[in-house]
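This report describes selected features of the structure shown below.

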Amino acid sequence: MNEGRLRSLTPSVLAILVRRGADFAAAEDAVQDALVEAIRVWPSDPPRDPKGWLVTVAWRRFLDATRSEVARRRREELIEDEPAPGPTSALDDTLQLYFLCAHPSLTPSSAVALTLRAVGGLTTRQIAAAYLVPEATMAQRISRAKRTVSDVRLDQPGDVATVLRVLYLVFNEGYSGDVDLAVEAIRLTRQLAAVIDHPEVAGLLALMLLHHARRAARTAPDGSLVPLAEQDRARWDTAAIADGVQILQAALARDRLGEFQAQAAIAALHADATGAAETDWVQIVEWYDELVRLTDSPVVRLNRAVAVGEADGPRAGLAAFATLDPALPRYAAVAAYLHERDGDLPTAARLYAEAAHRAPNLAERDHLTRQAARLNARGVAEVRE
Amino acid sequence: MAKYLMLKHYRGAPAPVNNVPMNEWTPQEISDHIQYMHDFAAKLEKTGEFVDGQALAPEGSWVRYDGEGRPPVTDGPFAETKDLIAGWMIIDVDSHERAIELAGELSAAPGAGGKPIHEWLEVRPFLAAPPTIPACPHG
């Protein structure tokens, strides 16, 4: 059994312990211990019933951990209070844990960490490495998060939108350490889609698959960013694209459009084009119009201006751009691109340099500096001729 | 072993020898420069001397406490500041000489025309924990 399959058992094992009366924080620690033990023991001695094995070991760990005098008293009370066997809740166990770990009382970083541990079954060390913080810091963040939700009852339905935001954050973090967070986010979203029938869950899953399909083509061997138009489309993962498109089409057919479905539709139109020149920009603009209607987000309007520039020419793009707030992230980068398309190279070069100055990460800064350098070099060449 | 901070400045350091802004290099010169920095860090990881390296955005703000129950006062961007840090690398090396040697190597990163920038880097030793055996035998 691979580690992914093993970790997919995490939420149901945890839910069983909680239903038997363990409090969430202690149960979560016990399940974590059992997972570590499973990784150690199973390769040489695989269990016949993996889930049963995990429940047994985790429950034993839970009892060991609560063996103090105070805890013993509490345990005796628990046995007396134990609810009658039978279905205790209409909600799926796994789904309840997703809701709990994305509870609105948690900060985004706490919700992300708790979801990765309690639903994803990652170790604190793996999560810390993925977010480039010391393990002790991540351990504190997780235990504070568990305290925050300790009074939340597990049988209350939550808001799917908060869960989706957490999964979106995990996906966007990308890759560092030995855990690929994008892959993990896809796994967790797929698992969520299996327990709840919701078009936006499907929309987010499709969005992730469609972006993940392009990942190999997004960076050059030297680590620099390759823009969509210049990517080698032969390196796109066609199986992931087909999967994403199919999931998206099924979701759209339900006629309950949401933000993630609309974003996925835009990604699907890019994935569908055999070359950058074949991209259906008119349809992409229509999806941006839907997104503006759904979110009224200025960032969406900024991206829409780029699409308008491609569909109707750079002048139309600049007109769509004119009303936007210059403080928006990537404003200068979009302005530079539209001016370059419009043939105003000195303005574009100046704006690329300004965009590099304001870039939110090193890869983008290097990319934008290169764009400025490319235009400046061309300008020098023209003067010399 | 001793830790040293190598600081790179956006401004505040004396002008480098090869003083051409990056957006006036050719794209290839930019790639070569970035490759040199990657290779330098990778080499120090291999020799077991690399600790950390980070880049900072050029814009930020000054912040200070403004009394009980009041939001902090912010000021900025750092328009009037002379000194502006661009990033750092922390190394853990055997000697001060080694720290100077490595900073010299980092300063030789190629810039315009593929020639070394000769950028001035600031090298600062960490104030570490006191040694187990006191430096002063009577301490």
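## Strand 5 of chain B and its partners

In this predicted model, strand 5 of chain B, residues 84–93, is mostly covered, with eight of its 10 residues buried. Strand 5 of chain B pairs with strand 1 (residues 2–11) of chain B in the antiparallel sense, over nine bridges. Within this pairing, B:Trp88 of strand 5 is the bridge partner of B:Leu7.

Strand 2 of chain B, residues 50–55, also runs antiparallel to strand 5 of chain B, and five bridges join the two. Here B:Asp52 has B:Ile90 of strand 5 as its bridge partner. As a general point, the side chains of a regular strand alternate between the two faces of the sheet.

## Architecture and dimensions of chain B

Chain B contains two helices and six strands. Read from the N terminus, the order of its elements is β-α-β-β-β-β-α-β. The radius of gyration of chain B is 19 Å, whereas the globule rule gives 14 Å for 139 residues; because the value is well over that figure, chain B is more spread out than a compact globule. The C-alpha trace of chain B spans about 55 × 45 × 25 Å along its principal axes.

Of the 139 residues of chain B, 28% count as buried. Among contacts in chain B between residues at least 6 apart in sequence, 77% join residues at least 24 apart.

## Nonpolar cores

The largest nonpolar core has 98 residues, and those touching the most other members are A:Leu17, A:Phe24, A:Leu54, A:Leu116, A:Tyr131 and A:Leu192. Leaving aside residues up to four places away in sequence, A:Leu17 touches A:Ala22, A:Ala27, A:Ala30, A:Val31, A:Val55, A:Ala58, A:Trp59 and A:Phe62. Apart from this core lies another, of 24 residues, which includes A:Ala332, A:Ala336, A:Leu338 and A:Leu375.

## Helix 20 of chain A

Helix 20 of chain A comprises 13 residues, 345–357, and at 1.5 Å a residue should span 18 Å; its end C-alpha atoms are 18 Å apart, which agrees.

The buried residues of helix 20 of chain A are A:Leu345, A:Thr347, A:Ala348, A:Ala349, A:Leu351, A:Tyr352, A:Ala355 and A:Ala356. In general, an α-helix has 3.6 residues a turn, so residues three or four places apart point the same way.

Notes: Residues numbered from 1 in each chain as written. Chains lettered and ligands numbered in written order. Predicted model: local features only at pLDDT ≥ 70, side-chain atom pairs only at ≥ 80, totals over all residues. Heavy atoms only, no water. Buried < 20%, exposed > 50% of the residue type's maximum accessible area, 1.4 Å probe, protein only. Helix = DSSP H or I, 4+ residues; strand = E, 2+ residues; numbered from the N terminus. Pairing = 2+ DSSP bridges. Core = buried A, V, L, I, M, F, W, Y, C linked by side-chain atoms within 4.5 Å. Contact = heavy atoms within 4.5 Å. Expected span 1.5 Å × (residues − 1). Rg over C-alpha atoms; globule rule 2.2 N^0.38 Å.
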